[in-house]
Amino acid sequence: MDEAPAALGLTPEQTADVLAAAGRAPSPDNTQPWRFRVDPTSIALLADRGRRMPATDPDDRELRLACGAALYTLRIALRGYGVRPLVTVLPDRDDPDVIAVVRRGGHRPASPGERRLIEAIRRRRSDPHPFADAAVTVPEQYALRRAAQDEGAWLQVVDGPGERRRVRELVTAAHHQQAAGAAGDRWALRGVSGADPADGRESEPLIAVLTAHLSGHSADVQAGQALQKVLLTATAEGLSASFLSQVVEVPQTRERLRRLVHGIRAPHAVLRIGRGWPVPATPRRPVADLLAAGPDGTG
């Protein structure tokens, strides 16, 4: 196992385990734009700007969303060791790259529901392939919405045929706009798929839009935590999910989507959810690579 310093009352091996779990969070194009600064009393989650995607994410909204997903995964992994995490989000106005600091808030055994989510961390994969012809049930939809609500966000299922068609049209429009803007720019092409994301998909996957209740940078982190809880809940329920990211990456289509779902705030993520097939694991960074230097320059 990769080595990590001891933190929050955990052994180095246990610390490495929770960091490895956090490193499995979803991120655009699997960029994994985070690092961790570890000391005996805290674990700080930092944005790794060397892994940002300026072409599709110039304002770093998706970077903060991904870091929020890593933060939730870190929190739930700590619960597996009985640690009650105390989290401060964006604690330093002068250093926005410090996304959150996690400290120990005491000991409490994980609940059965938390155990289910912990077990889902290693099984969760984004599945872009067509799903099986089996609907997501009403109780499963309720569980997904409850997961988002628990983390201060709203998950809205788009179920009207006309609205679903308009979402697909917005996804296609956003994809074409990104591809046109990236033409001739090799760096910009990173993260812009050559295939139309609305093509070749099954006709009726569950489409859900996630929006945080907060505003500003903290909303992106909040939405990321809610997103990961939704994805882990889906995995625990035997469901698969993938992202329709283009529609929220382009400001014009993001605003049109907000109006379509009658949202007060701009949406953070659009998911397609259904019953999929096993997909290969995506490569993860070794724990040593996840560790940032401490204030004294040490790892």
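Predicted model: local features only at pLDDT ≥ 70, side-chain atom pairs only at ≥ 80, totals over all residues.

Colleague: Is Thr233 buried or exposed?

Modeller: Thr233 has a relative accessible area of 10%, and because buried means under 20%, Thr233 counts as buried.

Colleague: And which residues is Thr233 in contact with, leaving aside its neighbours within four places in sequence?

Modeller: With those neighbours left aside, Thr233 is in contact with Leu117, Ala143, Leu144 and Ala147.

Colleague: What does α6 pack on?

Modeller: Four strands make up an open sheet in the order β5-β6-β8-β7, and their pairing is antiparallel. At the edges stand β5 (153–158) and β7 (240–243), each with a single partner strand, so one side of each has no neighbour in the sheet. From one strand to the next, the twist averages 30°. Helix α6 packs on this sheet, touching β5, β6, β7 and β8, and its direction makes about 145° with that of β6.

Colleague: How many bridges pair β6 with β8?

Modeller: Strand β6 (residues 206–212) and strand β8 (residues 269–274) pair over five bridges in the antiparallel sense, and within that pairing Ala208 stands opposite Leu271 in β8.

Colleague: Switching topic, what is the strand order in the sheet that holds β1?

Modeller: That open sheet has four strands in the order β1-β2-β4-β3, with antiparallel pairing. Its edge strands are β1 and β3 (83–89), each of which pairs on one side only, and the twist from one strand to the next averages 25°. Helix α2 packs on the sheet, where it touches β1, β2, β3 and β4, and the direction of α2 makes about 160° with that of β3.

Colleague: How is β2 joined to β1 and to β4?

Modeller: Six bridges join strand β1 (residues 34–39) to β2, the two running antiparallel, and together β1 and β2 form a hairpin with two residues between them. On the other pairing, β2 and strand β4 (residues 98–107) are antiparallel over five bridges. Ala44, in turn, stands opposite Val101 in β4.

Colleague: Are the faces of β2 covered or open?

Modeller: Both faces are covered, with Ser42, Ala44 and Leu46 buried on one side and Ile43, Leu45 and Ala47 buried on the other. Strand β2 (residues 42–47) therefore has six of its six residues buried, where buried means under 20% relative accessible area.

Colleague: Last one, how many helices and strands does the protein have?

Modeller: The protein has nine helices and eight strands, and buried residues make up 51% of its 299 residues.

Note on methods
Residues numbered from 1 in each chain as written. Heavy atoms only, no water. Buried < 20%, exposed > 50% of the residue type's maximum accessible area, 1.4 Å probe, protein only. Pairing = 2+ DSSP bridges. Axes fitted to C-alpha atoms, helices over the stretch in contact; angles between N-to-C directions. Contact = heavy atoms within 4.5 Å.
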